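Trainee: Before we go through this model, I would like to know what stands behind the words used for it.
Mentor: Then ask about the terms one at a time.

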Amino acid sequence: MRTAILILVYVLVSNLTMQLQAQNSEHVNQIYTVAQLEEDLLVLRDKYEGHLTNLFLYNTEEYMNYIFDSLNQHLTPMNEAAFFNYITPLLSIIKDGHSTLFPSTESTTFYNTNSKFFPFQIVYRADKMFVIRNISQENNIAPGSEIISINGEPVSEILKFLLQHQVSDGYNNAYALWIINSYFRDFYSYSFGHAESYTVVINTPENVREEITIKGLTKDAIEAVKKERFEAIPLQEKTGITLTAPASGIQLLTIKTWDDKMLRQTYGQRFKPTIKNIIKEIENSESNNLIIDLRDNQGGNTKSGIFLLSHLLDKNFIYVHGIDAVHKNHNGDRKIKSKKSNMIQLHKPIDNPYIGKVTVLINGGSFSNSAIFASRIQAYERGKIIGEESGGNAAVLTGGFGITGQKSLPNTEILYSRANYRIIISAMESNTGRGVYPDNYILPSVDDLLQKKDAVLNYCIEHSISNN
């Protein structure tokens with residue numbers, strides 16, 4: 001099946017190369033020689049083999065060698081977009097959520113400035129695509145319409161292709177699907193290019209089948225339609241960490257990121273002081289129900305997760321059980337060795353931790369440290385997990401320690417991440433390749449999204465009140 005993926009990629013890449021020849025950019029149109037592409041592929045392979053601890057977690061070394069060798073042997077001259085689609089199946093094969101690939105900064109900047117995009121906010125549900133927001137300049141496609149095909153391609157096949165070119169942690173597609181739903185127009189453009197117009201076949205909410213052609217829009221035009229048609233998010237809601245009271249006796253702690261740097265630069269907050277003040281506020285409120293919302297939180301500093309957990313547990317705890325890294329000897333042989341880290345020590349709770357009821361909300365965007373935190377809550381039986389399966393693995397994942405940003409391949413300048421450590425959350429033998437699975441699985445329906453109903457939070461509030 002994986003060989004079939006590579007064949008499918010070759011066919012679609014050939015078509016994509018021809019489509020993008022018309023784009024007016026030297027970098028976008030540049031055709032790289034086989035030698036240049038071989039160099040880029042070798043750099044990527046060396047980085048994976050030299051640093052990616054999970055490279056052989058779900059595949060044998062022999063199989064990965066076969067994949068890399070096959071990619072190398074079938075190279076032909078192509079542009080960056082074609083090469084990007086040629087190598088990104090590696091993501092779904094390796095199955096490491098921190099090993100990302102993105103188009104070069106130069107091509108992304110060009111497309112975001114000059115090219116047309118698919119002007120809808122969509123959501124996939126069971127291989128079906130639905131319009132959540134119509135951001136086109138036409139008003140003849142109603143929210144809630146099911147899109148059957150785009151430019152003649154069935155949406156089920158589009159999803160299949162995008163998933164084959166998307167990251168995941170193990171056998172869990174929750175994070176990949178969350179990315180596609182959240183950033184569809186970008187990832188669709190990476191693989192299917194930029195069209196001046198899009199012909200879509202839809203089923204209307206009234207179950208009428210129609211074929212409609214709508215104009216593609218630039219990013220600036222899309223933002224202009226959003227501003228005109230939809231309400232802007234109030235500035236006071238653009239906060240990284242918030243505490244609200246959605247119902248009597250219930251406190252809702254929303255954490256959008258665990259990353260202190262992002263909190264400071266984007267939201268003007270610092271994690272530890274903010275959490276300390278919030279815990280005091282919770283105690284003063286005498287609330288006995290705390291809901292922690294980690295949905296769409298893609299991770300950050302593990303120290304932040306340890307800090308919050310120390311306010312919720314009344315006993316010593318282990319946050320992660322081990323840290324591994326790749327080492328190569330003088331012969332170039334690859335070895336995985338354990339590393340020392342403050343993360344794997346026994347951590348103590350604060351003197352007077354919160355002892356009320358705890359519920360944690362997760363979804364496919366709950367990745368990296370959010371998955372670690374949710375798995376610890378579950379392991380120590382500190383609270384219920386509600387929502388969807390987490391995007392991050394429940395047992396083992398990678399991360400980047402001591403490095404910042406992404407690096408680019410030498411010729412195409414495609415960006416790649418530099419995950420360099422393995423984090424063992426629980427015993428490796430417990431790894432099933434799945435995320436943290438909730439105690440109560442709740443997937444918001446299309447109607448929930450259209451009506452802006454928070455089905456997961458509403459469920460928690462109703463059951464918290466009924467259990468009091």
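Mentor: Two strands count as paired if DSSP finds at least two bridges between them. Strands (E, at least two residues) and helices (H or I, at least four residues) are DSSP runs, numbered from the N terminus. The model is predicted, so local features need pLDDT of at least 70 and side-chain atom pairs pLDDT 80 or more, while totals for chains, interfaces and linings use all residues. Residues are numbered from 1 along each chain as its sequence is written, and side-chain values use heavy atoms, without hydrogens and water.

Trainee: What makes strand 17 and strand 20 a pair?
Mentor: Strand 17 (residues 396-399) and strand 20 (residues 421-424) are joined by 4 bridges and run antiparallel. The definition asks for at least two bridges, so they pair. Within strand 20, Ile424 is the residue opposite Val396.

Trainee: Which residue stands opposite Ile424 from strand 12?
Mentor: Gly322 does. Strand 12 (residues 322-328) is antiparallel to strand 20 and has 3 bridges to it.

Trainee: Why is His347 called buried?
Mentor: Buried means under 20% relative accessible area, exposed means over 50%, and partly exposed lies in between (1.4 Å probe, protein chains only). His347 has 8% relative accessibility, so it counts as buried. Leu71, in helix 4 (residues 61-73), is at 2% and therefore also buried.

Trainee: What makes the approach of His347 to Met343 a polar contact?
Mentor: A polar contact is a pair of N or O atoms within 3.5 Å; within protein, one must be able to donate a hydrogen and the other to accept it, and residues adjacent in sequence count only if both atoms are side-chain atoms. A polar side-chain atom of His347 lies 3.1 Å from the backbone oxygen of Met343, and one lies 3.3 Å from the backbone oxygen of Gln345. Leaving out residues up to four places away in sequence, His347 touches Ile306, Asn316, Phe317, Tyr319 and Asn342.

Trainee: What makes a group of residues a nonpolar core?
Mentor: The members are buried Ala, Val, Leu, Ile, Met, Phe, Trp, Tyr and Cys residues joined through side-chain atoms within 4.5 Å. The largest such core here has 40 residues, of which Leu253, Ile292, Leu308 and Phe373 touch the most other members. Helix 13 (residues 271-285) supplies its largest share, 5 residues. A second, separate core of 35 residues includes Tyr32, Leu41, Ile93 and Val167.

Trainee: How do you know that helix 8 is roughly perpendicular to helix 10?
Mentor: The axes of helix 8 (residues 155-164) and helix 10 (residues 184-192) cross at roughly 85° and come within 11 Å. That angle makes the two helices roughly perpendicular, a label that covers 65 to 115 degrees; under 35 is roughly parallel, over 145 roughly antiparallel and the rest oblique. Axes are lines fitted to C-alpha atoms, for helices over the stretch in contact, and angles run from 0 to 180 degrees between N-to-C directions. Ile158, Phe161 and Leu162 of helix 8 meet Phe184, Phe187, Tyr188, Ser191 and Phe192 of helix 10.

Key: Contact = heavy atoms within 4.5 Å.
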